[in-house]
Amino acid sequence: MTEDEARRITLLRAFEAPMAAPWTEADAAAASAEAARAVGEQAAPGRYLAARAQAGLALLLPKEPAAARLLQASRGARWPGPLLVVLAAGLGLATQALGPTQQLNLLAPPLLGLLAWNLLVYLALAAAALNRLARRQRAVHGASSAGTLASAEDLPGHVAAPPPFGLRRLLAAPAWRAAAGHPALGRFAERWSAQAAPLWSARAAVWLHAAAAALVAGVLASMYLHGLAFEYRAGWDSTFLSADAVHRLLNGVLGPASALSGIPLPTAAELAGLRFSAGPGENAARWIHLHALTAAGVVLLPRLALALGAAIRVHRLAGNFPLPIDDAYSQRLLRSHRGGAVLLRVQPVQYRLPAVAVEGLQRVLRHSFGEQARLQLAEPLHEGDDAGHGAPPAMLLFALSATPERETHGATAEAWPAARLLVDTSGFAQRFGAARAQQRREAWQRMLAGLGRTPVFIDLAHPDLAAAEAALQAAPA
């Protein structure tokens with residue numbers, strides 16, 4: 001999927017997981033139906049999610065103008081990059097690289113600072129690349145080692161921490177600040193910042209490398225323009241270095257440019273005659289050419305190559321954005337799209353659900369397993385009933401208000417080992433207090449842990465849909 005499609009999917013997700021006004025379940029169902037009609041049942045997962053996000057935002061954005069503004073701002077301003085390149089070229093052109101005295105000191109060449117700075121940048125880039133490679137190798141080794149737990153960044157659907165240097169705030173600061181007061185928009189800002197960070201970094205690299213190339217191009221143009229208008233003389237003087245030492249130094253720095261261009265470097269004896277203390281030096285033309293070729297080879301061409309590499313990465317990421325779709329939210333939507341009602345049989349155990357809990361259970365199932373999920377609520381099992389017969393349930397439902405008993409509740413859980421175990425916490429804390437509710441939860445956990453089972457606790461009267469979805473997806477079935 002493209003960058004824009006991934007951005008729209010992420011924004012709609014921020015309003016759906018969990019559900020946030022003004023988005024409603026009716027809107028979600030309408031978006032799913034429109035996407036299914038538009039792309040068909042056999043569409044690829046990414047195409048369906050993109051079509052659903054487009055249909056959903058057509059409903060959401062007119063009702064939430066702040067979301068429309070943030071969506072636009074999250075694309076980032078594209079003008080700072082070209083402006084940076086123009087400013088860098090102008091700065092280089094305005095620089096008196098050869099100096100104001102019309103003397104070119106061979107031991108303090110005009111481009112020495114630029115060359116040294118860019119060499120340091122290359123070392124830093126190489127170190128960063130080696131560090132990333134080492135981290136990947138450690139991650140692969142850790143994932144393949146027996147008994148090693150995967151890191152949080154390896155988990156499906158995990159969103160890495162946003163970049164620490166605040167690039168997202170630089171690109172979309174006003175809208176990002178506005179998002180801070182809106183939970184759904186804040187979720188989008190945080191998630192999209194993390195997901196788009198590699199793409200943003202690649203875009204920044206394009207313009208930074210291009211600006212560095214433009215700066216040195218401007219400096220070279222300035223050198224030649226000043227050389228046309230004035231005569232510069234080249235020479236040297238040193239308290240500590242002899243002509244032989246200077247010859248070796250210049251061969252090391254300018255030797256490749258000399259070999260490439262055919263412009264000869266002076267011998268040590270000739271260099272001795274170029275001391276400013278011994279005479280006026282020589283015409284600086286060949287030294288300007290040699291320094292220009294060196295700068296082009298060390299800075300201009302490598303920076304252009306790095307900018308091109310970053311641009312290729314931008315094109316790849318923007319056209320095939322790596323948005324994970326193996327998370328619970330995406331998989332729920334895709335299950336719904338595959339069609340056919342998903343019948344979920346829920347078996348209450350010594351518990352008859354009130355109407356509000358039935359409604360909450362239906363909402364939880366639709367949110368966690370898709371709009372096609374259908375609740376089939378069985379008659380409650382009572383003490384003494386023969387568990388394990390009849391249609392196997394997808395879930396067993398207990399009440400937190402009941403004291404967990406190994407002989408009854410535990411036996412029922414053992415009778416249907418494939419069923420998820422739900423415990424309805426509705427109203428218990430309000431009636432008996434949070435401390436008592438926590439004790440009862442721990443009692444249920446201890447009893448079921450003895451059977452190798454893990455329960456999911458949900459307040460069906462007021463369900464937290466996102467938390468319930470995560471818990472149900474994590475629970476073994």
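Biologist: Asp 237 and Arg 275 form a salt bridge, and their closest N and O atoms are 3.7 Å apart. Where do the two residues of this pair lie?

Modeller: Asp 237 is in the loop between E2 and H9, and Arg 275 is in the loop between helix H10 (268–272) and E3. These parts are 38 residues apart in sequence, so the pair ties them together. Helices (H or I, at least four residues) and strands (E, at least two) are DSSP runs, numbered from the N terminus. The model is predicted: local features need pLDDT of at least 70, side-chain atom pairs count only at pLDDT 80 or more, and totals for chains, interfaces and linings use all residues. Residues are numbered from 1 along each chain as its sequence is written, and side-chain values use heavy atoms, leaving out hydrogens and water.

Biologist: What makes Asp 237 and Arg 275 a salt bridge?

Modeller: The rule asks for a side-chain nitrogen of Lys or Arg within 4 Å of a carboxyl oxygen of Asp or Glu. The closest N and O atoms here are 3.7 Å apart. By this rule the count comes to 14 salt bridges.

Biologist: Why is Arg 275 called partly exposed?

Modeller: Buried means under 20% relative accessible area, exposed over 50%, and partly exposed in between (1.4 Å probe, protein chains only). Arg 275 has 22%, so it counts as partly exposed. Asp 237, at 34%, also gets the label partly exposed.

Biologist: How do you know that Arg 352 and Glu 379 form a salt bridge?

Modeller: Their closest N and O atoms are 3.2 Å apart. Arg 352 sits in the loop between strand E4 (342–348) and helix H13 (355–369), and Glu 379 in the loop between strand E5 (373–377) and strand E6 (395–399). The two are 27 residues apart. Both Arg 352 and Glu 379 are exposed.

Biologist: Now the rings. How many aromatic pairs does a search of the whole structure find?

Modeller: The search finds four. Rings of Phe, Tyr and Trp (its six-membered ring) pair if their centres lie within 6.5 Å; planes under 30 degrees apart count as stacked, over 60 as edge-to-face and the rest as tilted. Phe 188, Trp 192 and Phe 321 form one aromatic cluster.

Biologist: Are Trp 192 and Phe 321 buried or exposed?

Modeller: Trp 192 is buried at 0% relative accessible area. Phe 321 is buried at 4%. Phe 428 and Phe 432 form another aromatic pair, tilted, with 4.8 Å centre to centre and 40° between the planes.

Biologist: Why are Phe 428 and Phe 432 separated by about one helical turn?

Modeller: Because they are four residues apart in helix H15 (residues 428–432). Phe 428 is buried at 2%, whereas Phe 432 is partly exposed at 44%.

Biologist: What sits over the ring of Phe 432?

Modeller: The charged end of Arg 436, 5.3 Å from the ring centre. The rule wants NZ of Lys or CZ of Arg within 6 Å of the ring centre and within 35 degrees of the ring normal. Arg 441 lies over the face of Phe 457, at 4.3 Å from the ring centre.

Biologist: What makes both faces of strand E8 (residues 455–458) covered?

Modeller: Pro 455 and Phe 457 on one side are buried, and so are Val 456 and Ile 458 on the other.

Biologist: How do you know that strand E7 (residues 420–424) and E8 pair?

Modeller: Two strands pair if DSSP finds at least two bridges between them. E7 and E8 have four, in the parallel sense. Leu 421 stands opposite Pro 455 in E8.
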